[in-house]
Amino acid sequence: MEVLTLTTYADAPFMTQQQAALEERGVSFTTLSVAGEVAADTDRRPVDYVRTVPRVVREAAAGYDLIHAHYGLTAPLALAGLGTPVVLSLWGSDVHGPVAPISKAAAPFCDAVVVMSERMREALGRECTVIPDGVDLERFRPEPREQAKQRVGWDDEGRDVLFPYPPARGVKNHPRAERIVSVVDNLREEPVRLRTVHGVDHDAVADYMNTADALLLTSDSEGSPNSVKEALACNLPVVATDVGDVPERLAGVDPSVVATSDEELVEGLLAVLERDERSNGRAAAREVSIDRTADRLLAVYERVAGTVIDTETDGERRRVVGTGRLE
């Protein structure tokens with residue numbers, strides 16, 4: 001099966017991991033990224049999407065089994081490949097944020113829509129398939145803490161609370177995380193630090209999760225936050241706001257806390273740090289392993305393309321058309 005992927009971010013780890021798992025099942029990918037520069041605090045301009053349309057039309061003419069559009073703003077581009085079936089994956093902010101009207105307008109014209117949580121399905125207001133992004137259980141797994149601590153270079157006394165996002169990403173609400181940890185630090189005798197980690201190789205993130213005492217998620221909205229699932233896979237306790245599928249992912253995970261206010265975040269983080277234990281999250285993470293989610297997405301591909309592929313056949317490596325930068 002040949003799939004043309006449209007994305008705003010060709011290097012998104014959850015997307016490339018998903019593609020790699022599907023390649024093992026016989027799917028071949030060509031990835032086309034929207035033109036223009038993008039960063040944590042910089043969005044692409046409308047003109048970048050407009051000037052990407054001719055590239056999509058030309059590439060789609062090569063005859064793909066389907067187009068997989070990642071993120072709501074790429075849906076109109078995918079629909080420009082007239083005659084090619086379209087699968088639209090929504091990421092979260094494109095359902096709950098200012099992009100939502102475009103996502104909702106384009107969704108009825110797509111052959112299948114995939115969202116990450118039941119909350120996203122309800123917000124979208126139409127039938128779709130709920131498939132959270134999968135976590136690589138080989139990459140994210142419990143490791144001896146002292147070894148991980150040496151690799152990341154944290155050797156200070158006290159407790160470390162991980163915030164694995166760029167502060168510039170407003171939806172992640174870094175100021176709230178700083179506020180929560182500051183209060184907790186004042187309530188405990190030993191130091192409690194907020195460790196803001198971003199821009200590191202994705203392979204290294206597991207080391208930070210195996211070193212930290214807790215993951216703190218203070219997001220205003222989410223779909224199915226990968227950091228939470230990766231923390232579960234490493235048995236790292238999670239303290240998180242009630243967003244996306246976080247309550248579902250943390251159900252039965254101990255110690256971990258879902259909070260709806262600053263007070264609950266403070267109390268939850270205090271309780272987790274006082275327990276000083278790893279969680280039982282890895283068992284829960286198996287429900288959203290990359291293998292399970294890839295199988296479910298493959299079923300969507302086969303339904304949309306009207307093709308059943310031999311899952312024992314090795315897929316070709318994907319090739320990337322465009323880099324997401326100005327050409």
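Where does Asn235 lie? Select Asn235: this residue sits in the loop between helix H11 (226-233) and strand S10 (238-241). Helices (H or I, at least four residues) and strands (E, at least two) are DSSP runs, numbered from the N terminus.

The model is predicted, so local features need pLDDT of at least 70 and side-chain atom pairs count only at pLDDT 80 or more, while totals for chains, interfaces and linings use all residues. Residues are numbered from 1 along each chain as its sequence is written, and side-chain values use heavy atoms, with hydrogens and water left out.

**Stop 1: loops**

Stay on Asn235. Its phi is near 60 degrees, a positive value in a residue other than glycine. With a relative accessible area of 16%, Asn235 is buried. Buried means under 20% relative accessible area, exposed over 50%, and partly exposed in between (1.4 Å probe, protein chains only).

Next, select Asp276, in the loop between H13 and helix H14 (281-285). Phi of Asp276 is near 50 degrees, again positive in a residue other than glycine. Asp276 has 46% relative accessibility and therefore counts as partly exposed.

Now go to Pro255, in the loop between helix H12 (246-250) and strand S11 (257-259). The peptide bond from Asp254 to Pro255 is cis, with omega near -5 degrees.

**Stop 2: H8 and H10**

Select helix H8 (residues 145-152) and helix H10 (residues 202-211); their axes come within 8 Å and cross at roughly 125 degrees. Axes are lines fitted to C-alpha atoms, for helices over the stretch in contact, and angles run from 0 to 180 degrees between N-to-C directions. H8 and H10 are therefore oblique to each other. Angles under 35 degrees count as roughly parallel, over 145 as roughly antiparallel, 65 to 115 as roughly perpendicular and the rest as oblique.

Show the side chains too. Arg145, Ala148, Lys149, Arg151 and Val152 in H8 meet Asp207, Tyr208, Asn210 and Thr211 in H10. Contact means heavy atoms within 4.5 Å.

At 27% relative accessibility, Arg145 counts as partly exposed. Residues touched by Arg145 include Ala212, Asp213, Asp276 and Arg278, not counting residues up to four places away in sequence. Arg145 and Met209 are 64 residues apart in sequence and 9.2 Å apart in space, C-alpha to C-alpha.

**Stop 3: the cores**

Which residues have the most contacts inside the largest nonpolar core? Select Phe140, Leu162, Met209, Leu216 and Leu269, within a core of 47 residues. The largest share of this core, 6 residues, comes from helix H13 (residues 262-275). A second, separate core has 33 residues, among them Leu4, Val34, Leu77 and Val95. A nonpolar core is a set of buried Ala, Val, Leu, Ile, Met, Phe, Trp, Tyr and Cys residues joined through side-chain atoms within 4.5 Å.

**Stop 4: H1 and H15**

Select helix H1 (residues 13-23) and helix H15 (residues 290-305), which pack at an angle of about 70 degrees with their axes 9 Å apart. That makes H1 roughly perpendicular to H15. Gln17, Gln18, Ala21 and Leu22 in H1 meet Ile290, Ala294, Leu297, Leu298 and Tyr301 in H15.

End on Gly134, in the loop between strand S6 (129-130) and H8. At 8% relative accessibility, Gly134 counts as buried. Gly134 touches Gln17, Val288, Ser289, Ile290 and Thr293, not counting residues up to four places away in sequence.
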